[in-house]
Every structure is written in structure tokens, then in C-alpha cells.
Amino acid sequence: VEPVLSKGNNCLDAAKACNLNDTCKRFRSAYITPCTSSTSNEICNKRKCHKALRLFFDKVPPKHSYGMLFCSCRDVACTERRRQTIVPVCSYEDREKPNCLNLQESCKKNYICRSRLADFFTNCQPESRSVSSCLKENYADCLLAYSGLIGTVMTPNYIDSSSLSVAPWCDCSNSGNDIDECLKFLNFFQDNICLKNAIQAFGNGTDVNVWQPILPVQTTTATTTTASRLKNTGSDTTNNEIPSHNDSPACANLQAQKKRKSNESVDTELCLNENALGKDNTAGVSTSHISAENSLALPTSFYLSTQLTLMALALSLSLSLSSSVVL
């Protein structure tokens, strides 16, 4: 039961306010015409009616569009006017009520309907432990997601003039073994405390402009995800540590010690260039040193041949002297 906040008809006042706003008046007239114009075989052109309704809720500021759709009421005249906002005889009702699961399958075949139904399930998810009874703690997102369904095959509306219960035009007859799944789907609309609180808060004037959201309720999945992220962060930190390699150049090990805290990479290319330069210099010095020694040192055979030559000359000289004495 809705609380009594005003003695007047808030939905009528909202309609008057819409007529005073150029944008609201223009787009409201744009959907009233196709939604009330009958054709030869049908009550109206539902396709054009739905398209015009989508434009109305997409283009008109929530102050006016929500004002007519979520107005608070104290009597049947008001609630019935609220229920008639979307011209349900054309946009909502049909000759027969399809099974809700079949209607859901039809919705999934259309991109607009499929994405908007997904938004509704996400943003109007009830949560009994939260202050607002919404998992996301955001009435604005829930109302936006709900109004986004209007103008699709999943168009919802108030099911009567005595409550805030809403539902698409479907039921769970002929569900067979899928009866539980069907009822779960239907009850997400009819008995959604998150959506009801959001509608009531807007009608009461305690809507999203006043109500301050708090952090969403932490779920097991969210906790697990957070723990997983922390775990991954830890592993990333470990992987970023500079490994100590025994075959690294000496300068690389020194750089590693200096930069270990800052997690910077070691400039091994610089180390390699320095080592290459050192090897080249060492090789140059060693080669020149050996060359100098080789150029100054005389081989042993040179000394031996010199001695033999001198001995031969001495022997020849002594023989010559002996011959001279004999003569």
C-alpha cells in the first residue's frame, strides 16, 4: 500500500506539467497518436506505438516522463491514470497471454530488447541486506532500466490499480517442467522489492536526487574476485624482481644490487660492451708486449753459429801461422 503524501491527483498534475514542457508535450503526442489510432484489422499499429514510446522515454527528461509513470497515488482514479500512461490497450495487452519463457526467447532475438532486459536484471537485482533493497544501491539505474523495457516485446506495466506490482504481458501456463524457471522470471517483475522501493521513492520525492547511495553489498563472487586480483598482483611483483644469474657480468651484478629496490632492469648491453672493450684492450697490450719481446730476443741458433764461425777462423789462423814458421 502506498503512503499518502498528497490529497491531489499526482498523476494528473504530472500530465499537466508535461503539457507545459515543449519536449515532453511533443514526444507524448507522438506516441499517443499511433497508440490510439486503430487500423482495419488491429486496435492499433503496435510496432509504431512501441517505437514512439521508446523515443518518449529516451528523449524526455525523467522529471516529466517518470513523473507520469511513477507518480504516487492515494486513490483508484490516480492509480488507473498511472496505469494508462503507456496506453496499455495497444502497447501492453494482446489477444492472448504468451508463456513468459517464450516471450523471453522472443525478446532475446531482438538486440534492443535483449540488451535492455539484461540491464533490468542487473540494475534491479534485489538484495535484502542492503539499505535500499537493491544490490547496486542505485534507484536511478533501476528506474532507467525498467523504463527502457517500455516499447519492446517485453513491455511491462502495472498489473492492477491497487499496488505497485508490475509484469510483462505473459503468464506461466503451459510451462511444463519449466514452471519454476518461469515463475522465477515472472516474480522478478511482480515481487521485486528493489523496483517497488525505487518507484515509491521517486513518487515520494525521496528519489535519486536526494537519496545518497552507499557501497554495494559485498558478495562471495566479488570477494573471490578481489582476492584473486590481490593474488595476481603479488605474483606480478614477484615476477618483476631482477633474477640473480651466476653467468652475468660483474657490472651486471653490481647494477642489480644497486637497482634491486627500484625494480629497474640491468643494462647488460652496456656491460657486454664494456667487457668487449676490456678484452680488446687487454689483447692489444698482450700482443704488443709479446711482439716487443720477440723483436729484442735473439734465437739460440744465432749464438751457436757465431761461436762455430769464430772457432773456424781461429783454427784457420793458427794453421796459417804454423805453415809460415816451417818455411
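Visitor: I'm looking at Arg83. Which residues is Arg83 in contact with, leaving aside neighbours within four places in sequence?
Guide: A contact here means heavy atoms within 4.5 Å. Arg83 has Pro88, Glu93, Asn157, Tyr158, Asp160 and Ser161 as its contacts, once neighbours within four places in sequence are set aside. One caution before we go on: this is a predicted model, where local features need pLDDT of at least 70 and side-chain atom pairs count only at pLDDT 80 or more, while totals for chains, interfaces and linings use all residues. Residues are numbered from 1 along each chain as its sequence is written, and side-chain values use heavy atoms, with hydrogens and water left out.

Visitor: Is Arg83 buried or exposed?
Guide: Buried means under 20% relative accessible area, exposed means over 50%, and partly exposed is in between (1.4 Å probe, protein chains only). Arg83 counts as buried because its relative accessible area is 15%. You'll find Arg83 in helix 5, residues 76-83. Helices here are DSSP runs of H or I with at least four residues, strands are E runs of at least two, and both are numbered from the N terminus.

Visitor: How many helices and strands are there in the protein?
Guide: The protein has 15 helices and 2 strands. It has 327 residues, and 32% of them count as buried. Among contacts with a separation of 6 or more, 67% join residues 24 or more positions apart.

Visitor: How far apart are Glu181 and Leu101 in space?
Guide: Their C-alpha atoms are 8.1 Å apart, with a sequence gap of 80 residues. Glu181 belongs to helix 10 and is partly exposed, at 48% relative accessible area.

Visitor: Which residues touch the most other members of the largest nonpolar core?
Guide: The general idea is that nonpolar side chains tend to be buried together in soluble globular proteins. A nonpolar core is a set of buried Ala, Val, Leu, Ile, Met, Phe, Trp, Tyr and Cys residues joined through side-chain atoms within 4.5 Å. The largest one here has 56 residues, and Leu53, Phe56, Phe70, Phe120, Tyr146, Met154 and Leu195 touch the most other members. At least three of the core residues come from each of domain 1 (7-93) and domain 2 (96-211), with bounds from an automatic or database domain assignment. For a closer look, pick Leu195: not counting residues up to four places away, it touches Phe120, Cys124, Cys142, Tyr146, Val166 and Phe189.

Visitor: Which residues other than glycine have a positive phi?
Guide: Val87 is one of them, with phi near 50°. Val87 sits in the loop between helix 5 and helix 6 (88-91), and is buried at 9% relative accessible area. Asn174 also has a positive phi, about 60°. Asn174 is in the loop between strand 2 (166-168) and helix 10 (179-190), and counts as exposed because its relative accessibility is 79%.

Visitor: Last one: what lines the largest pocket?
Guide: On a 1 Å grid over the protein atoms alone, a pocket is an open set of points where a 1.4 Å probe fits, with protein on both sides within 12 Å along at least five of seven lines; lining residues have an atom within 4 Å of a point. Here the lining is Asn41, Glu42, Ile43, Cys44, Lys46, Val89, Cys90, Glu93, Asp94 and Arg95. By type, that lining has 4 nonpolar, 1 polar and 5 charged residues, where Ala, Val, Leu, Ile, Met, Phe, Trp, Tyr, Cys and Pro count as nonpolar, Asp, Glu, Lys and Arg as charged, and the others, Gly among them, as polar.
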